[in-house]
Amino acid sequence: NAFLGQPLRIDTRPSLQTAPILRTAMKHNSSTGTHAGSLGQLLELTGPFRFLREPGGWFFAALALGLGVRLYLLLATPGTTDMLIWDMHARGVSEQGLIPYYHVGRKFWHPPFVSSLLGSLWDFAVYWGFDFAALFRGLFGLFDIGCAVLLFFVLRDRPQRYAIAALYWINPVAILLSSYHGNTDTAVAFFLLAAALAAARRRAAWAGAFLGLGLWFKVPILLGAPALLFAIPGWRERIFCGLVAFAVGLSTYLPVLIIDPEILVRRLNYGGQILHTTAGIPVWGIWSVLPEPADGFATLYDRWNTVIFAVPVLFVSWMRRHRNEAPEIGRTIGLCYCLVYGLTTRWAFQYFAWSVPFWLLCGWPIAVATTLAASAYLYGLYAYLCGNLFLQGRWDFVGHPIWPRTLIGLRNASVIVFFASGLAAIASASREALRNGK
């Protein structure tokens, strides 16, 4: 509500006790106290939009559309350069073994479990004559399906559950990053959703276990850990959840840590990279939008970048700790990742996959803005790099050093949206702190 600085009406009639997840503050009619216009009906799913509360033909059409596009991308496109890199990694792990490949693999900074898993997937593809890229993206496409299912269960008491699950399923960002791009990042959102459901049900052990399982795939799942841990009432349960997450997560790192701890620590000490074209055009970052700061300040900002976004993430997570229903925990996670995207100087396109389903839980202004901005930028960029709208052919980042103004405008709009969403999250948490006297 701090996004617009306006109050939110709470309807206490028995049939509408649960407020819709996409409802946010809008102008009230002073005489009736009701939302005016079709936007209110859309957010409430009343009037002509009431059919969206049930899984009719529209729902199955959305399922078919999302599945069809995913299968096309999976079977008929080669993916990005990341897919080629994973092809190299999986083959290297298969042929040389995990620890030897940790010593020689270029750009190989992935956890032991997922690295070994994909080495085995390479063996399977070679033995049976399957396309490794299709198998890889199909495997992590299963996590994408899981995200849609879990999002439905997060909203199981809300009339918008079918509509929001369908919106996620046809979200271009989710489709591109699960079925085209070629990386492991969709696992982060899946395990965070599972952990959020467990935390909302006061299952601290299960929440920790899901968080630990996510560490088998991607370390950046830890960015969502504060929202999960603080949402669990009581420090005893929070510490227990953290210990379970640590134990489960460590279990697949431990063999490598025992045999060769130095190489694993060195490989996983990866903080991302400042990505730009060969002509120096940055692909992300607030300094691509704001006036370029002095060199000393830019260097200092980059050096302390993790602290710069970690502190507000902890602040927002702590101030929203009492909002511990599943949709609200999801909202906190989504806001935290908006903060990360808005403040980070380091980037890779697949980072969006960490939090796509959570955007839809952040209130309709943020949900609409982040989805439209990121979709336009990501699809526009991928189509430009491939040279066609159907993403056929080589994804050629190096061969496109100069970007058209339209694409730069889409990048700037995306950065601004996430930066503004992050600021809105801080402002909302600050107002909540003042309101609660904390």
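Predicted model: local features only at pLDDT ≥ 70, side-chain atom pairs only at ≥ 80, totals over all residues.
Local features need pLDDT of at least 70 and side-chain atom pairs 80 or more, while totals for chains, interfaces and linings use all residues. Residues count from 1 along each chain as its sequence is written, and side-chain values use heavy atoms, with hydrogens and water left out.

**View 1. Helix α2 (residues 57–76) against helix α7 (residues 161–169)**. The two axes come within 9 Å and cross at roughly 20 degrees. So α2 and α7 run roughly parallel (an angle under 35 degrees). On the α2 side, W58, F59, A62, L63, G66, L67 and R70 meet Y162, A163, A166, Y168 and W169 of α7 (contact: heavy atoms within 4.5 Å). Sorted by class, that's 10 nonpolar, one polar and one charged residues, with Gly counted as polar.

**View 2. Helix α6 (residues 132–154) against helix α8 (residues 172–181)**. Here the axes come within 8 Å and cross at roughly 150 degrees, so α6 and α8 are roughly antiparallel (over 145 degrees). R137, G141 and D144 from α6 meet A174, S178, S179 and Y180 from α8. This contact has two nonpolar, three polar and two charged residues.

**View 3. N183, in the loop between α8 and α9 (186–200)**. With 8% relative accessibility, N183 counts as buried (under 20% relative accessible area, 1.4 Å probe, protein chains only). Its side chain makes polar contacts with the side chains of D82, at 3.0 Å, and W86, at 3.2 Å (N or O atoms within 3.5 Å, one able to donate a hydrogen and the other to accept it). Leaving out residues up to four places away in sequence, N183 touches D82, W86, H110, F136, F140, K218 and Q350.

Definitions and conventions: Axes fitted to C-alpha atoms, helices over the stretch in contact; angles between N-to-C directions. Helix = DSSP H or I, 4+ residues; strand = E, 2+ residues; numbered from the N terminus. Parallel < 35°, antiparallel > 145°, perpendicular 65-115°, else oblique. Buried < 20%, exposed > 50% of the residue type's maximum accessible area, 1.4 Å probe, protein only.
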